[in-house]
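Subject: Structure for you to look at

Hello,

Here is the structure I said I would pass on. Please open it alongside this message.

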Amino acid sequence: MIFLLIKDLVQKAGIGKNISPHTFRHSFATHLVEGGADLRAVQEMLGHESITTTEIYTHLDREFLRETLHRYHPAFKPGTTR
């Protein structure tokens, strides 16, 4: 049911990107790791059996994330440097 609710809200918001509950899970873990959270703690929260599965969050490109924020987040206006 959550999947269907998210799909409906994404469509109503006019977002063309594929968003699912997993997107929120991935974003949550990414923010934790980027904020300095212990990888083992994140592993526990996500329920990963292997730390290798959780390590994907340590390989995210910070510049890509920054560019994505500037492109899609309404708080980032062209020309701002956050």
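Below is what was found in it, starting with confidence.

This is a predicted model. The chain has a mean pLDDT of 85, and 88% of its residues reach 70 or more. Where pLDDT is low, the predicted coordinates should not be read in detail.

The largest nonpolar core has seven residues: Ala 29, Val 33, Leu 39, Val 42, Leu 46, Ile 51 and Tyr 57. H3 gives the largest share, three residues. In soluble globular proteins, nonpolar side chains tend to be buried together.

Tyr 57, one of the core residues, touches His 26, Ala 29, Thr 30, Val 33, Glu 34, Leu 46 and His 48, leaving aside residues up to four places away in sequence.

Ser 20 sits in the loop between H1 and helix H2 (21-34). Its relative accessible area is 16%, which is under 20%, so Ser 20 counts as buried. With residues up to four places away in sequence left out, Ser 20 touches Phe 3 and Ile 6.

Last, the surface. Met 1, Ile 2, Phe 3, Leu 4 and Leu 5 make a nonpolar surface patch of about 560 Å². Of these, Leu 4 lies in helix H1. Leu 4 is exposed because its relative accessible area, 56%, is over 50%.

Regards

Notes: Residues numbered from 1 in each chain as written. Predicted model: local features only at pLDDT ≥ 70, side-chain atom pairs only at ≥ 80, totals over all residues. Heavy atoms only, no water. pLDDT = per-residue confidence, 0-100. Helix = DSSP H or I, 4+ residues; strand = E, 2+ residues; numbered from the N terminus. Buried < 20%, exposed > 50% of the residue type's maximum accessible area, 1.4 Å probe, protein only. Contact = heavy atoms within 4.5 Å. Core = buried A, V, L, I, M, F, W, Y, C linked by side-chain atoms within 4.5 Å. Patch = residues over 30% accessible without salt bridge, like charges linked within 9 Å, V, L, I, M, F, W, Y side chains within 5 Å. Areas by Shrake-Rupley, 256 points an atom, 1.4 Å probe, with all protein chains shown as cover. Salt bridge = Lys/Arg side-chain N within 4 Å of Asp/Glu carboxyl O.
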